Structures are given as C-alpha cells and as structure tokens.
Amino acid sequence: MHAIHLTPDDTARLRVLRAAALVTDPWSFGPTPGEDNFESEDRARQILANPNHAIFGVQDAADPARPLVAMAGVMRLTRAKQNHIADIWGVYTTQAFRRRGCCRALMHACIDQARAWPGVERITLSVSERSPGVRALYESLGFTTWGIEPDAVRIGTESAAERFMHMKL
C-alpha cells in the first residue's frame, strides 16, 4: 500500500471517506456527524491547503473511480510554545482494507512529514482503548503511552478511555 499526500483537489473523496468513518467507527473519532469540520467543503479545502497540515490517503487501485480507502492527518502545532510538536489525527481504514498495510503506510507518511517540518521534535496521537490492534501498531512504530483519560468518550450509556501516546523524533 502506498500513501499519497492529498490536495484540495481531493476534497470530495476525503469528505466521503470521513463521513463514512464517523458512522462506522464512532469510538475512533471525537466529532459526530453534524459536528465535523469536513462536512463543510470550504473548511475541508482550507485544511487541505494549510501548510501546517498534511492529510494522506490510500486509494483502491483496483477501482477506476479510485475512492479513498484509508486516511490520516498530521498537523504541526503553531503556538510558539508548542511548535516543536506535531499531532497525528483522523486515522481510519475501511473494514475491507484493514490488515493490508494501509495504516502503517499512512503512519510512515505522517511521521516523515513531521520530520520534514523544521523544529518538530515530538509527535503525539491518541487512540481509543477499544482499538487494541491500532494501539499495537502505534507501539510497533515507537509510540509510547504517557497517559490515559478514563471515560473520555461516551456514546449513549457506554464509555471508553482514551490513551495518549507520543514519539520523540
């Protein structure tokens, strides 16, 4: 699998995948449908064009329409006291493409992008305790846990803890 750097021209494809992700894997995302920045085409284009953000995707090479089947974003924090940190967010792979290397390819692309930003020394991310396989992947890439927030996300009467991880570059 190969990750590609998405551009504003990929806005429609990204919005379709992101909308599906919020529905199919609600524990993996903070926003719910109706709250997401990517529901606005203009806002999505702004994020894709922002030099302090990079969003990567994996395409279905077998489909001539080339839909995205996986995505991940990384953003450089821009406040003076935090611009040594990049944060990975929005990692998702459709069910049909899991365990094929999509997430690993996306994570490598995000890590490489963070390394390319001058002065970035650390990458952060968070993962739901309901995703132990994803956590294992992050650990295999060198991320370590620095804290766990219990009851971080609630859906109805159920809740999940969120694990916060980082990696020094």
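1. E3 and E4 run antiparallel and are joined by six bridges. Gly73 has Trp89 of E4 as its bridge partner. Strands here are DSSP runs of at least two residues and helices (H or I) runs of at least four, numbered from the N terminus. The model is predicted: local features need pLDDT of at least 70, side-chain atom pairs pLDDT 80 or more, while totals for chains, interfaces and linings use all residues. Residues are numbered from 1 along each chain as its sequence is written, and side-chain values use heavy atoms, without hydrogens or water.

2. The open sheet has seven strands, ordered E1-E2-E3-E4-E5-E7-E6, with mixed pairing. Strands E1 (4–5) and E6 (144–155) are the edges, each pairing on one side only. Pairing takes at least two DSSP bridges between two strands.

3. H3 packs on this sheet and touches E1, E2, E3, E4, E5 and E7. Its direction makes about 25° with that of E3. Angles run from 0 to 180 degrees between N-to-C directions, and axes are lines fitted to C-alpha atoms, for helices over the stretch in contact.

4. The largest nonpolar core holds 32 residues. Phe56, Val74, Ile88, Met107, Tyr138 and Phe143 touch the most other members. H3 gives the most to this core, nine residues. A core is a set of buried Ala, Val, Leu, Ile, Met, Phe, Trp, Tyr and Cys residues joined through side-chain atoms within 4.5 Å; buried means under 20% relative accessible area (1.4 Å probe, protein chains only).

5. Beyond its neighbours within four places in sequence, Val74 contacts residues including Phe56, Ile88, Trp89 and Cys110. Contact means heavy atoms within 4.5 Å.

Notes: Buried < 20%, exposed > 50% of the residue type's maximum accessible area, 1.4 Å probe, protein only.
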